[in-house]
Amino acid sequence: MRPAKALPDLPTQAHPAGAEALRRCAELARFTSHPGALTRLYLTPEHRAAAGEVAEWMRQAGMTVAIDAAATVVGRYEGTTPDAPALLLGSHIDTVRDAGRYDGILGVVLAIQAVGALHARGERLPCAIEVLAFGDEEGVRFPVTLTGSRALAGTLDPAMLEAVDDDGITLRAALERFGCDPTELPSLARDPRRVLGYLELHIEQGPVLEAEGLPVGIVTGIAGASRVAAEVVGVAAHAGAMPMAARHDAVTAMAEMVLAVERVALATPGLVATVGRVEATPGAVNVIASGARFTIDLRSADDAIRARALERLRRELAGIATRRAVGLRLRETYDEPACTCAPRLVGALTDSVTRLGQRPFLLPSGAGHDGLAMAPLCPVGMLFLRCEGGISHSPEERVTAADAEAAGQVLLDFLCHFDPRGATAR
Ligand code: GLV
Ligand code: MN
Ligand code: MN
């Protein structure tokens with residue numbers, strides 16, 4: 001969907017903090033594996049460079065900084081009493097391939113700026129604040145994801161360390177190359193009594209706020225997701241000599257399976273499904289494919305709908321494989337239940353939005369976020385900012401300085417009114 005008209009961007013001098021946030025996002029976009037486009041995958045040299053820049057911004061904002069064993073940059077701003085339990089803020093600094101500059105990054109930058117504003121005023125809160133810049137929210141490099149947030153929540157499955165990227169490098173080896181010690185991962189698990197909540201600012205990645213004419217919205221919950229790696233096994237043969245009826249073509253079987261994924265999603269209210277990656281082997285113009293691989297991503301706010309759809313897909317894809325006489329392997333690489341944002345944080349964000357003269361508006365998140373993994377640890381809240389045309393996971397992502405400024409003000413107001421007493425209650 002494209003916007004009917006571009007959002008008006010007000011002069012940057014009218015929104016200095018918002019303009020500074022966008023400038024920092026542009027600065028981080030320099031750290032990419034593909035000059036001219038933005039691709040920054042987990043544990044790559046460009047991730048390391050971006051983490052270094054973010055760590056420097058955190059220091060300037062008055063925080064003490066460390067990079068933990070999952071490569072999350074952790075900045076801490078002590079409260080009035082040293083070593084007090086912390087409210088966690090943050091988002092991620094990894095990207096999809098050919099990404100926009102704001103998905104994740106803007107949330108990290110705005111959180112740092114909010115702490116910087118407190119620091120500049122010499123203000124401390126009755127709790128500590130930690131800003132987290134996670135490195136693995138997109139799950140693009142390895143077939144596992146949310147490594148940093150799962151480590152904090154203590155739910156990281158050690159088997160994840162054996163996941164391999166396209167070059168056959170394990171997550172364990174990539175962590176070591178980055179300078180992290182994977183044996184320290186279990187010790188990252190936080191004590192829930194010392195964590196008051198996790199709050200993330202993020203672009204909406206959908207068109208709802210723009211349609212409502214609102215700069216920000218309060219998230220009610222995050223859709224759960226499943227990811228499946230599918231592999232079709234056919235028989236390679238000559239493209240000219242093998243009659244059509246005698247083929248075991250992995251690509252045509254995959255094509256039918258991809259359409260089945262779309263059909264199931266269209267027939268299931270409350271479900272979205274995507275095949276985002278396909279590949280064929282050996283990949284030659286005159287060879288019937290012996291192999292095909294594709295990914296399936298299923299999302300729903302209702303875990304039962306997602307589970308039923310996955311079962312239905314398993315049956316339908318198996319039926320296609322049998323009819324076409326090809327092999328099929330389905331490997332579930334990700335299964336994250338939906339999460340509901342904590343009513344207390346939803347209420348506090350609603351109060352902040354109202355105090356700043358905006359209409360509070362509640363909406364669900366169809367996109368996944370680190371909050372999914374943080375939910376078993378602590379109450380989770382999210383604030384969305386409008387993005388132009390709802391476009392994200394694309395270099396066309398756009399946000400205005402005015403909206404970034406508005407979101408930053410909501411965050412600062414939220415922090416200044418945050419009451420740590422009873423905060424861990426859901
Ligand atoms: C991350 O952006 C996801 O929702 O997959
Ligand atoms: Mn994101
Ligand atoms: Mn994303």
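**Entry: a salt bridge across the chain**

I looked up Asp166 and Arg277 and found their side chains joined in a salt bridge, N to O 2.9 Å. I count a salt bridge when a side-chain nitrogen of Lys or Arg is within 4 Å of a carboxyl oxygen of Asp or Glu. Asp166 sits in the loop between helix H4 (147-153) and helix H5 (171-178), and Arg277 in the loop between strand E9 (272-274) and strand E10 (278-281), so the bridge ties together parts 111 residues apart in sequence. Helices (H or I, at least four residues) and strands (E, at least two) are DSSP runs, numbered from the N terminus.

I checked exposure next. Asp166 is exposed at 55% relative accessibility. Arg277 is partly exposed at 35%. My cut-offs: buried is under 20% relative accessible area, exposed is over 50%, and partly exposed is in between (1.4 Å probe, protein chains only).

**Entry: ground rules**

This is a predicted model, in which local features need pLDDT of at least 70 and side-chain atom pairs pLDDT 80 or more, while totals for chains, interfaces and linings use all residues. Residues are numbered from 1 along each chain as its sequence is written, chains are lettered from A and ligands numbered from 1 in the order written, and side-chain values use heavy atoms, with hydrogens and water left out.

**Entry: other salt bridges**

How many salt bridges does the count come to? I get 33.

I picked out Glu212 and Arg359, whose closest N and O atoms are 3.0 Å apart in a salt bridge. This pair links distant parts of the chain, 147 residues apart: Glu212 is in helix H6 (residues 208-212), and Arg359 is in the loop between helix H9 (343-355) and strand E15 (362-365). Glu212 is partly exposed at 32% relative accessibility. Arg359 is partly exposed too, at 41%.

Then I turned to Arg293 and Glu279, a salt bridge at 3.9 Å, N to O. Arg293 is in strand E12 (residues 291-300) and Glu279 in strand E10, so this bridge ties together parts 14 residues apart in sequence. Arg293 is partly exposed at 45% relative accessibility. Glu279 has a relative accessible area of 35% and is partly exposed.

I also noted a network of salt bridges that links Glu20, Arg23, Arg24 and Glu27.

Which residues coordinate the manganese ion that is ligand 2? I find His92 (NE2), Asp103 (OD) and His202 (NE2), at 2.1 to 2.3 Å. Donors here are N, O and S atoms within 2.8 Å of the metal (3.2 Å for Na, K and Ca); water is not among the atoms, so sites may look incomplete. Along the sequence these donor residues are spaced H-x10-D-x98-H. His92 lies in strand E3 (residues 86-92) and Asp103 in the loop between E3 and helix H3 (105-120), so they tie together parts eleven residues apart in sequence. His92 and Asp103 are both buried.

Asp103 bridges the two manganese ions, ligand 3 and ligand 2, which lie 3.5 Å apart. His393 is in the loop between strand E16 (380-385) and helix H11 (401-417), and Asp103 in the loop between E3 and H3, so this pair ties together parts 290 residues apart in sequence. Asp103 has a relative accessible area of 5%. His393 is partly exposed at 42%.

**Entry: ligand 1**

What surrounds ligand 1? I list Glu137, Glu138, Arg227, Arg299, Ala367, Gly368 and His393, using a heavy atom within 4 Å as the test for near. By class, this shell has one nonpolar, two polar and four charged residues.

I then looked at its polar contacts (N or O pairs within 3.5 Å). An oxygen of ligand 1 is 2.8 Å from a side-chain N or O atom of Arg227. For Arg299, an oxygen of ligand 1 is 2.6 Å from a side-chain N or O atom. A polar backbone atom of Gly368 is 2.7 Å from an oxygen of ligand 1. The protein covers 94% of the 190 Å² of accessible area that ligand 1 has on its own (Shrake-Rupley method, 1.4 Å probe).

Key: A polar contact is a pair of N or O atoms within 3.5 Å; within protein, one must be able to donate a hydrogen and the other to accept it, and residues adjacent in sequence count only if both atoms are side-chain atoms. Ala, Val, Leu, Ile, Met, Phe, Trp, Tyr, Cys and Pro count as nonpolar, Asp, Glu, Lys and Arg as charged, and the others, Gly among them, as polar.
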